[in-house]
Structure formats: structure tokens, C-alpha cells
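Let's take a friendly walk through some charged side chains. Have a look at the sequence and the structure first, and then read on.

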Amino acid sequence: MNYWTNLSVEFASQKNYLDELYKVYPIIPNIKRSLDEKLWNAIETAYNNHDNVNLIKALLKSELFPIKDSYVAYLRRDPNSIERNPNTINRIAGNLYQYSLDKIYENCTQPKETNRQIGPMFKRWISQGTLGCKIYNDADAFLLSKENAVLNISDEGMKTFAATNLGYRRLDKGLDFIARFNGKYIIAEAKFLTDFGGHQDAQFDDAITTIKSDLTIPNSMNADVIKIAIMDGVLYIIGNNKMYKHLKNHPDQIILSSLILREYLYTL
């Protein structure tokens with residue numbers, strides 16, 4: 001296991017890891033989605049009139065469809081298919097009429113899942129100056145500077161900067177972290193993995209793919225570039241799970257907690 005990964009495991013298993021991690025990822029009570037009043041009036045009218053086509057059309061305009069149905073995504077992406085598939089529309093509408101209007105409204109305005117709110121939290125934590133270095137929100141200014149610094153702009157902006165200057169070649173994926181310490185550039189994705197399996201495993205694999213991705217060498221600045229993964233959550237639980245096995249078997253990969261990041265950077 002990599003030295004920094006091992007430090008992260010020790011922190012998670014021996015100290016108040018979750019208490020400290022809350023400073024990075026402060027999960028706040030989820031706020032309900034909004035539903036436009038005009039749109040809701042259209043939904044209510046179509047429902048009361050048993051107007052199946054217009055009911056489906058109106059509900060497809062809401063951010064969240066009120067029932068789970070595998071055909072809804074297709075209807076969203078091809079609205080013209082609504083007219084061509086009356087049996088599907090009637091089937092879905094029939095399922096909707098099993099719910100009251102109050103329940104449909106409740107389902108349409110359910111809060112966003114916590115996992116979907118996590119993304120920007122890491123960058124907000126960085127912007128607080130936690131790493132004890134200058135933070136740049138302008139790529140050109142960051143590039144011209146010489147001191148230890150962090151570039152904190154959009155994922156897409158970071159990807160463009162890394163591709164243009166650091167030889168980053170994974171152009172289908174943005175970055176969460178770019179820093180320069182002692183003349184070395186560090187690029188990373190940041191993840192908070194809340195459970196094992198499914199989407200969380202995919203998120204873990206995504207960060208590992210970034211570590212393993214090739215760089216153009218030499219890059220345009222002839223810079224020393226280090227790829228790491230800043231990950232927190234269940235991966236540091238000692239056990240027989242896929243994530244922990246990966247940590248044990250890949251000592252060449254720098255995978256560390258955000259809570260260890262400052263210590264790592266100042267050793268470069």
C-alpha cells in the first residue's frame with residue numbers, strides 16, 4: 001500500500017475521521033425541488049380530465065418524473081414518440097392515476113440526492129485557504145506565478161489547462177484539483193465514496209483511470225506532473241471489499257484523503 005494511502009487508512013480507522021471529513025463535505029438538509037406553478041396547473045388539468053397525452057407531456061417537463069418507468073427517458077429524449085406509442089402512454093398514465101395529485105406533486109418535488117450535491121463541496125473547501133497557499137481563480141495568473149499555489153476553476157477549465165500545459169490526455173473527463181508545489185504540478189479527481197457497489201464503484205474506477213491515464217511527455221512546459229486521487233469515504237474501511245483490495249495491491253498509485261492532502265503537498 002502506498003505510504004499516503006496507508007496514512008489515510010490509519011486516520012480513518014484510528015481517529016475522528018468522519019468528524020473532520022464533515023469540514024470538507026458538510027452534508028446539509030436536502031431542499032425540495034421547485035415546480036413551476038404554470039406547469040403544475042397544466043399537470044392538474046390534464047390529470048383531472050384524464051388527458052393521458054398532455055399529462056405525460058407536462059410531467060416530462062418537470063425535473064423529476066413522479067414514478068419510476070424505464071420508458072420515460074426515451075420519451076424525454078424523443079418527444080415525438082409520444083404520439084406514435086399510444087399504448088405506452090396509456091400504460092404510464094394508468095399507473096399515474098393510481099396516485100393522488102398530492103402524491104404526484106410530492107414525488108415531483110423530492111429533494112435531490114445527497115450524492116449529487118457533493119461535487120462542488122471539495123472546491124469550496126479548497127477555496128477557504130485550507131492548504132495554506134495562494135489560490136488562483138484565473139488560469140493565466142496561475143501559470144505566470146512561481147509560488148506554491150492552487151488553481152481553483154471549473155472542472156472543464158482545469159481540463160483545458162491541463163491538456164494545454166501539462167500533457168493531460170483524458171479529454172472526456174474534467175479535473176477537480178490542480179496545484180503547483182515546489183515546481184511540481186499535481187492533478188487529481190476528488191471523490192467522496194459513500195458506499196460500496198454500483199455507482200460508487202464506478203466513481204472509484206473513474207478516479208483510478210485518471211491516475212493511470214497517459215500524459216504527453218514532454219509536455220508544453222516540460223513540467224514535472226504528478227497524478228493522484230483525492231478520495232474519501234468507505235474505501236478506507238479495512239476489509240475484503242473491492243476498493244480496499246485495490247489500495248493494498250497498488251502501492252504505486254497515490255490515493256489519499258483530503259485530510260492528508262496538505263501534509264502530502266508540503267513534502268514534495
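Glu 189 and Lys 191 form a salt bridge, with their closest N and O atoms 3.2 Å apart. The term salt bridge is used when a side-chain nitrogen of Lys or Arg is within 4 Å of a carboxyl oxygen of Asp or Glu. Glu 189 and Lys 191 are both buried. Buried stands for under 20% relative accessible area, exposed for over 50%, and partly exposed for in between (1.4 Å probe, protein chains only).

This is a predicted model, in which local features need pLDDT of at least 70 and side-chain atom pairs count only at pLDDT 80 or more, while totals for chains, interfaces and linings use all residues. Residues are numbered from 1 along each chain as its sequence is written, and side-chain values use heavy atoms, leaving out hydrogens and water.

How many salt bridges does the count come to? The count is 16. Here are some of them:

| Pair | Closest N to O |
|---|---|
| Glu 189 and Lys 191 | 3.2 Å |
| Arg 84 and Asp 78 | 3.1 Å |

Arg 170 sits in the loop between helix H11 (155–165) and strand E3 (177–181), and Asp 206 in helix H12 (residues 198–212), so the pair ties together parts 36 residues apart in sequence. Helices (H or I, at least four residues) and strands (E, at least two) are DSSP runs, numbered from the N terminus. Both Arg 170 and Asp 206 are buried. A network of salt bridges links Arg 170, Asp 172, Lys 173, Glu 189, Lys 191 and Asp 206.

In the pair of Arg 84 and Asp 78, Arg 84 is exposed at 51% relative accessibility, whereas Asp 78 is partly exposed at 21%.
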